[in-house]
Amino acid sequence: MRLPRTDRGRLLFVLALATAVTVFTATVPLLRDWFDLRVYHGAVDTWIHHGGHLYDYRVPGTTYGFTYPPFAAVGMLPMALLGLHAAIAVGLLLNLAATAFVLHTLYVLTGRRLRRYGLFGLAVGVCLLALLEPVRDTFSFGQVNLLLLALVLADARLIANGRSRWAGIGIGLAAAVKLTPAIFIVLLLLARRPRAAATATGVAAAATAFAALVAPDASRFYWTDAVWDTSRIGRLAYVSNQSLQGVLARLADPAEPSRAVWALLALAVLGVWVWRARRALATGDVLGAFALTGLAACLVSPVTWVHHLVWLLPSLVILAEEGLRQRRGRLLWLASGLYGLLCSSVVWLWFDDASGIGGFVGGNAYVWITLGLLLGLPVGQRGAAERRPWRRRASATAPAPRTAAPASVPAVISRPPGPPESSAAVPAGAEGPAGGAAAGPGPDRAPAVGPAVSRDTGRGRSDPTGSTRPVAPKPQSSRERASSYTANRPPS
């Protein structure tokens, strides 16, 4: 798989890709009518302006209402000042800003193989993101997934850049808005970052406490009732639920899935995640560790709708980067194939009936992709050193070793034939390549540095020292240097 190398070829490639993306999004019926954003807006509006209970609101004609922790509603309070259309516009702008930040962060945290493509790579990345189903649905539903991913990756960026003093704030805020990102606090503990883990925990707890002060009744109801009621979110067997719980629910449908089996599978996934995350941490692969954690979160969460799978973005970037670094076409084709499946909406072919072998394989396709990436994502390898390290290495911060300069030796004066009055001191510029002076045999020698003394007058004059003169661009042998540095007689 070869990308165009000329500027004209790259421009044509981006234009063709952008045209294909535009045609696809304009002709394929993908619009979700900002359904989730209408849930947020309606719940907050009813709560603030009509005295209703936050978790009692339902979108007219549906059974769906607000399902996030109370702090999420507190953060969405400005919606109460806006109409629905204005809220949709603001939501789109926020998602665009979050997408730009996520793209730039992945661009910064990846290795040189992706950064070398510069603006061309970013342009292609924007086009590819626009086709990815989780990203499309996040925009179309008016969801908050990209905002949460941006908060978590902000902490990854801080740690990778050695600014861990503020690390944990983004993860804490994300965990207060939605429970799933709390798994990244465990990652900080695995990485032996207790301060960042404490910061994340403290921020999440403070945000939750603040929401309890602002909305005590809603907080009491959520933490004692709603948080345990998965039916409020939707049917577990719904084909959009691409988690382990969703697989079990579709197998058992219409009966309830076994919670014990789900717990065992979740523990197995978490064990694999801990093993692989520790391996990534051992090599300093910060992006790899965060990517694995996002995969594990999608698998063990009871409900992982398709639009939640934006957490797979770092994994896809790592897979593409490794394919470019190792120049392995198979990895690039694998990354392209997985990306194509995540763009295809293939799971919706089993919207009505996910039974049988076809339903088990195709209706859970995104689960198998997530599980395969958790098991086989290339992290913890030598190539990870090209990505931003988890902690600064000594070689990255220590000053470069300085070659010791050889001891100064006297420089030889070449004396042309003539009377003694024509002899002069040799300038101190006759130095070797490392800053030392040239040396040679003979009785006529002068100091390499310091004031030069005229042999006939004894008077000294100050010449530039070796520390202020540039080194000769093409060092020669000491004999050649000595013969070329014929001094002129100083003025009397």
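Which residues of H10 are buried?

1. First, the ground rules. This is a predicted model, where local features need pLDDT of at least 70 and side-chain atom pairs count only at pLDDT 80 or more, while totals for chains, interfaces and linings use all residues. Residues are numbered from 1 along each chain as its sequence is written, and side-chain values use heavy atoms, with hydrogens and water left out.

2. Back to H10. Its buried residues are Ile-183, Phe-184, Ile-185, Leu-187 and Leu-188. Buried means under 20% relative accessible area, exposed over 50%, and partly exposed in between (1.4 Å probe, protein chains only). Helices here are DSSP runs (H or I, at least four residues), numbered from the N terminus. Cover for the buried residues of H10 includes H8 (145-160), H9, H11, H14 (259-282) and H15 (286-300), where contact means heavy atoms within 4.5 Å. After H10 comes Arg-192, with a positive phi near 60°.

3. Now look at H11, residues 194-214. Its 21 residues reach 30 Å from first C-alpha to last, close to the expected 30 Å (1.5 Å times one less than the number of residues). The buried residues are Ala-196, Ala-197, Ala-200, Ala-204, Ala-207 and Ala-211. They sit on the same side of H11 because they cover an arc of only 110° around the axis, taken from the directions from the helix axis to the C-beta atoms. Pro-194, Arg-195, Ala-198 and Leu-213 are exposed on the other side. Helices H3 (70-75), H9 (169-177), H10 (183-190) and H12 (216-224) are among those covering the buried residues of H11.

4. Salt bridges next: a side-chain nitrogen of Lys or Arg within 4 Å of a carboxyl oxygen of Asp or Glu. The count comes to 3. In one of them, Arg-32 pairs with Asp-137, the closest N and O atoms being 3.3 Å apart. That pair links distant parts of the chain, 105 residues apart: Arg-32 is in the loop between H1 (7-27) and H2 (35-49), and Asp-137 is in H7 (residues 133-141). Asp-137 counts as buried at 2% relative accessibility, whereas Arg-32 is partly exposed at 26%.

5. Another salt bridge joins Arg-220 to Asp-217, with the closest N and O atoms 3.0 Å apart. These two are 3 residues apart in H12, so about one helical turn separates them.
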